[in-house]
Amino acid sequence: METLKFVMTAAFYPPYHLGGDANHVRYLAEALAAQGHEVHVEYSPAALALKRGRPDLDDAGDGGVIRHPIKATTGRFQPLSAWIFGAPPSVRRHHHQLVDEVRPDIIHYHNLSLLGLDLINVPSTALKMYTAHDYWVRCPRNDLFKFNQRLCEKPTCLTCLTISGKPPQLWRYLPSGLKPFDALDVAIAPSDFLRGMIAPYLRAPVVHIPNFAPDPNPSGQASSPGDYYLYVGRLEFYKGIPELAAAATQYRGPHRFVVVGKGNQAPVLEAARDGAARLALHGWLPAAERDATYARARALLLPSIWYENAPLVASPGCYPTSVLLPTIPLLREGLIRPTGIIADSLSGVSGAGRKLEQDYLFVECNESARPYGIPKHRHLSEMEQELSLAAKTPVTIQFTPHLIPVTRGILTTIYLAPAEHFQSRTGVSPVSGLSNAATMDAVAEKISTCYHSAFGNESFIRLLDGKSLPDIKNVIGTNVIEIAWRLDPRTGRLIVMSALDNIVKGAGGQAVQCFNILCGFPETARLL
């Protein structure tokens, strides 16, 4: 096998790190070294000092990697200067000397915000790669989380940095500020979503390759789950730590919440724990202990409220699928108002799972129909979250689920207010000036065009035209959702209906569909 020389450049590297991308750099560097390649990593201990972190000296093994810490005679001012003005002379000299001495085949850049983007301009014949562990290519904060409060909807970077308590990145406003990116041969994004978010800002091709991580369980032997749910990561606001603390406080089940990590939001979790929440808090754990903790977890928690950069998929539940798929395209196109949304759903008994409870016994459910989960079903937050993102404004809906005496299937009816009024006492629309019938036809055409544009080529979405209406019987045992719609000129409302199999499209089938997309398989593999 041909052996290559690598230089990896990153602000953080164990033991001088805060977790996250530094661990991925280490995993990759050590794996390459184990394959016989010559791997050099340069990093900045001063960057960790600027973050007021401390090195984890128990995690200082080299793994066959040659380390090159960048000396900082000015201490924390070195990474701070890099943040504001670009790479300081001392960092540029270190990088140039390392490249000249090693003469690498590949230079792999990682987190450069506290080193300086202009390091990419080093003269070299090496292939130059950049892995985007976050959104720094387009966002000075690197997380697209505006004012540290919400997802960014429009760039106001200087104002955002100021309100967030961060100094400005003045180098970005120079004519040559972002030019070093042009020297890249290729950029890597660990998720396809991140690839799509940064590709328009780079000339080099951007490819989606998940972050490398060694298999902690090469034997594939499954272990019995423990009595806890697990969160591992930074304890920061944008990671959803307040939401995690609230969930742990409200939880009344038999399991614990185990949290591994450090950050500014640790006091929030400590307060929840002291208030009797079943929380166990740890700092960063040694790799072996961390992997064992992962292996015994019942489920992993990801409460983030920002755009995570990991290649993860959260499949919606059965009720949310039946509501979100028919509604989101209309919200995105502005065809309906984001207020006054009402959804009624009828579900078969299997929607409650396989738990053995009296309410779900045959004699209790047969020849009966009843509402439940009122006024707030457990899936309501998920629906409102995604509808709000589509509408770009907070959305509150009225949702009422019902249990009906069938084994499987969900039938949902959604009542919506079209953005364009098409019914009035005078017979003329005050918005468009057209007659009721003409305006109704125009609105209907827009809705039909919207749905066919969004779903016309989708294998698992069946749009029903004409007089056909969704029927649970038509979708049982399939990964298909049926959708139909009607305009009511008497009430001026749009009625949208959907039907799906809660066990397939609402659960396992949808998970397989997402798995296929994530792994690059045909989306319909093993589902048709």
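## Overall architecture

The chain contains 15 helices and 20 strands. The model is predicted. Along the principal axes, the C-alpha atoms occupy a box of roughly 80 × 60 × 50 Å. Of the 528 residues, 44% count as buried. Among contacts with a separation of 6 or more, 68% involve residues 24 or more positions apart.

In soluble globular proteins, nonpolar side chains tend to be buried together. The largest nonpolar core here comprises 47 residues, and Tyr109, Tyr130 and Phe181 have the most contacts inside it. At least two residues of this core come from each of α2 (45-50), α3 (77-85), α4 (89-102), β4 (106-109), β8 (186-189) and α6 (192-198). Helix α4 provides the largest share, 4 residues. Apart from this core lies another, of 36 residues, which includes Tyr451, Phe455, Ile483 and Val496.

Beyond residues up to four places away in sequence, Tyr130 touches His108, Tyr109, His110, Trp136, Val137, Phe181, Leu184, Val186, Ala187 and Ile188. Two of these partners, Tyr109 and Phe181, are named with Tyr130 as the residues with the most contacts inside the largest core.

Val122 lies in the loop between β4 and β5 (127-131). Its relative accessible area is 1%, and Val122 therefore counts as buried, the cut-off being under 20%. Neighbours within four places in sequence aside, Val122 is in contact with His95, His96, Val99, Ile107, Tyr109 and Lys128. Val122 and Ala280 are separated by 158 residues in sequence and by 47 Å in space, C-alpha to C-alpha.

Strands of a sheet pair through backbone hydrogen bonds, either parallel or antiparallel. In this chain, 7 strands form an open sheet with mixed pairing, in the order β15-β16-β14-β17-β20-β19-β18. The edges are β15 (370-371) and β18 (461-463); each has a single partner strand, so one side of each is left without a neighbour in the sheet.

Strand β14 (residues 341-347) and strand β17 (residues 410-416) run antiparallel and are joined by 6 bridges. Asp344 has Thr413 in β17 as its bridge partner.

Notes
Residues are numbered from 1 along each chain as its sequence is written. This is a predicted model: local features need pLDDT of at least 70, side-chain atom pairs count only at pLDDT 80 or more; totals for chains, interfaces and linings use all residues. Side-chain values use heavy atoms; hydrogens and water are left out. Buried means under 20% relative accessible area, exposed over 50%, partly exposed in between (1.4 Å probe, protein chains only). Contact means heavy atoms within 4.5 Å. A nonpolar core is a set of buried Ala, Val, Leu, Ile, Met, Phe, Trp, Tyr and Cys residues joined through side-chain atoms within 4.5 Å. Two strands pair if DSSP finds at least two bridges between them.
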